[in-house]
Amino acid sequence: MNSFMSWIGGKKALRDEIVVRFPAHYSRYIEVFGGGGWVLFHKAPGKDFEVYNDFNPNLTNLYRCVRDHPDELCDELRYTLNSRTDFDHIRETLHTKTDIPNIKRAAYFYQLIRESYASGLDSFASQPHSMWNNFPLIHEACRRLQKVVIENKDFEKLIKQYDRPESFFYCDPPYYETEDYYEDVGFTEKDHERLANCLCSIQGKFLLSYNDCPRIRELYSRPGIIIESTSRLNNIAQRYEAGKQYAELLISNYDTAEWLESCRQMSLFDLFEESTEILKGRKFVWKQEKSE
Ligand SMILES: C[S@@+](CC[C@H](N)C(=O)[O-])C[C@H]1O[C@@H](n2cnc3c(N)ncnc32)[C@H](O)[C@@H]1O
């Protein structure tokens, strides 16, 4: 299913590539940099314990309101106008007032996402639309989120809290040198390093998506880590150059074809033709066993 919101860096275009690489076995799924949750909403709900986390408190408040108060949230959104004046007022209010009730705050934040240019929250650029069209999405997301734990923590604290051998962390941090897109939280060079050190010492498994750049390749070229390169259509560049691709890395501490291998052992191989094709095309940039 789709997310109920678009978000900068959202993984809508890469979600098939990501989900097909999930480990064969895990009992805790933790989405560390939740954003619009495109991977969480795309993955099948199973028996696993699921956690959505983001350090942006407006975002986690919105998620909690979608999960716990969808009708009240839709009521708050029912009579919003597509108006630049309202947009600027709401943006200012969210930045300056601390005592806005949670559901109203969630409605304001959703309106900013919905009406800003590329969901960047800062400039009004809305096509005429009815907010009512979003209500079915909000209710669908509410049902999907019922058993999902929603956290508002810095990644390191979260990863340490949930780390077990049977945990699986999907991480989609702010991309290198595009950190300013997330003005509400901030992310620095030190945070990229902190993330690498934290992930490379966990007991569980992780899959990490990043932009392809020398610094990130360097940070993760370590024993026991696998780096694959992939690409997807660059949505913004499509406007002036059709077919333009955006290079990305998928980094893991396990073999990303292990799920398919387990299907092969159960003779289910043919059922997953599309997944097989994706995994057959894997391009490794770095792969070095960990010496015992
Ligand atoms: C690339 S976006 C995630 C997009 C998401 N995967 C999706 O499909 O919509 C990165 C997210 O990391 C969050 N973030 C930034 N710093 C963080 C931190 N220190 N700990 C946890 N989340 C953080 C941002 O608020 C942002 O929503």
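Helices α3 (57-68) and α6 (102-115) pack at an angle of about 110°, with their axes 9 Å apart. The two helices are therefore roughly perpendicular to each other (65 to 115 degrees counts as roughly perpendicular, under 35 as roughly parallel, over 145 as roughly antiparallel and the rest as oblique). This is a predicted model, in which local features need pLDDT of at least 70 and side-chain atom pairs count only at pLDDT 80 or more, while totals for chains, interfaces and linings use all residues. Residues are numbered from 1 along each chain as its sequence is written.

**Contact of α3 with α6**
- Axes are lines fitted to C-alpha atoms, for helices over the stretch in contact, and angles run from 0 to 180 degrees between N-to-C directions.
- The crossing of α3 and α6 is left-handed (the near helix is turned anticlockwise from the far one by less than a right angle; clockwise would be right-handed).
- On the α3 side the contact uses N58, N61, L62 and C65, which meet N102, I103, R105, A106, F109 and Y110 in α6 (contact means C-beta atoms, placed from the backbone, within 7 Å).
- By class, the contact of α3 with α6 has six nonpolar, three polar and one charged residues (Ala, Val, Leu, Ile, Met, Phe, Trp, Tyr, Cys and Pro count as nonpolar, Asp, Glu, Lys and Arg as charged, and the others, Gly among them, as polar).

**Contact of α4 with α6**
- α4 and α6 pack at an angle of about 60°, with their axes 9 Å apart.
- That angle makes α4 oblique to α6.
- The crossing of α4 and α6 is right-handed.
- E72, L73, E76 and L77 of α4 make the contact with I103, K104, A106, A107, Y110 and Q111 of α6.
- Sorted by class, the contact of α4 with α6 has six nonpolar, one polar and three charged residues.

**Helix α6 itself**
- Helices (H or I, at least four residues) are DSSP runs, numbered from the N terminus.
- α6 has 14 residues and reaches 20 Å from its first C-alpha to its last, close to the 20 Å expected at 1.5 Å a residue (the expected span is 1.5 Å times one less than the number of residues).
- Ten of the 14 residues of α6 are buried, so the helix is largely enclosed by the rest of the structure (buried means 20 or more other C-beta atoms within 10 Å, exposed 12 or fewer, partly exposed in between, with C-beta atoms placed from the backbone).
- The buried residues are I103, R105, A106, A107, Y108, F109, Y110, Q111, I113 and E115.
- These buried residues pack against α3, α4 (70-77) and α5 (84-96).

**Y108**
- Y108 is in helix α6 and counts as buried because it has 24 C-beta neighbours inside 10 Å.
- Not counting residues up to four places away in sequence, Y108 touches I90, T93, L94 and I100.
- Y108 and T85 are 23 residues apart in sequence and 13 Å apart in space, C-alpha to C-alpha.

- Most residues other than glycine have a negative phi.
- A118, in the loop between α6 and α7 (135-145), has a positive phi near 50°.
- With 14 other C-beta atoms within 10 Å, A118 is partly exposed.
- L121 also lies in the loop between α6 and α7, and its phi is positive, near 75°.
- L121 counts as buried, with 22 C-beta neighbours inside 10 Å.

Technical notes:
Two residues are in contact if their C-beta atoms, placed from the backbone, lie within 7 Å.
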